[in-house]
Amino acid sequence: MLRPATSADIGFIRSLTMRADYAPFIGDSDDATLQGWIDSSEARVLIWEAGGIRGFGIFRGIGAKGGVIELFRIALDRAGGGAGDRFFRALVDHAFRDLNAARLWLDASAENPRALKIYTRAGFRQEGCLRSHWYRPALGRCVDQILMGLMRAEWESLEPLRAQA
């Protein structure tokens, strides 16, 4: 189940974004920035609960002309058992169903094959690669940044994911 994040969730969000195993793949934002997104009408910070708080996602660009929305950041407390697929699909469904996205896009490190597989299984297509583009302090170097997207018509043609909590 997805729900809007509150100020009380910032500690959980930061606990994931500051994890050493996530540092090569996602950035961290300070409390004030997160609170700004929580309070913004142009962003949506969501918490995924499945037997407890498990993950978060941040959408940006809500309300932009053309309905192009970015899934800016996503993190799950632990992998395995198909949780990543269920969580990601819940976020995708939310973007199209509740945020009225015409197109949903994201970027990801080319060195994060687990995430890229989840995005591909959810119907996303690779739309580009920015070679050696994204500097990752945890690695001390730049990595390729993969751009991926999903159009509303493509989402509408997906098989429903049998949701499990």
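Is Cys-142 buried, exposed or partly exposed? Cys-142 is partly exposed, with a relative accessible area of 31%, where buried means under 20%, exposed over 50%, and partly exposed in between, with a 1.4 Å probe and protein chains only.

Colleagues, this is a predicted model, in which local features need pLDDT of at least 70 and side-chain atom pairs count only at pLDDT 80 or more, while totals for chains, interfaces and linings use all residues. Residues are numbered from 1 along each chain as its sequence is written, and side-chain values use heavy atoms, with hydrogens and water left out.

I stay with the cysteines for a moment. The structure has zero disulfides, a disulfide being a pair of cysteine sulfur atoms within 2.5 Å. For Cys-142, the closest cysteine sulfur belongs to Cys-129 and is 12 Å away, too far for a bond. Cys-129 is also partly exposed, at 35% relative accessibility.

I turn next to Arg-136. This residue is buried yet has no salt bridge, and Asp-107, the nearest side chain of opposite charge, is 8.8 Å away. A salt bridge requires a side-chain nitrogen of Lys or Arg within 4 Å of a carboxyl oxygen of Asp or Glu. The Arg-136 side chain does reach the backbone oxygen of Ile-26, at 2.9 Å.

Finally, the aromatic rings. Rings of Phe, Tyr and Trp (its six-membered ring) pair if their centres lie within 6.5 Å; planes under 30 degrees apart count as stacked, over 60 as edge-to-face and the rest as tilted. The count comes to five aromatic pairs. Trp-48 and Phe-87 are stacked because their ring centres are 5.1 Å apart and their planes at 25°.

Technical notes: Lys, Arg positive; Asp, Glu negative; His and termini not counted. Polar contact = N/O pair within 3.5 Å; in protein donor to acceptor, adjacent residues only side chain to side chain.
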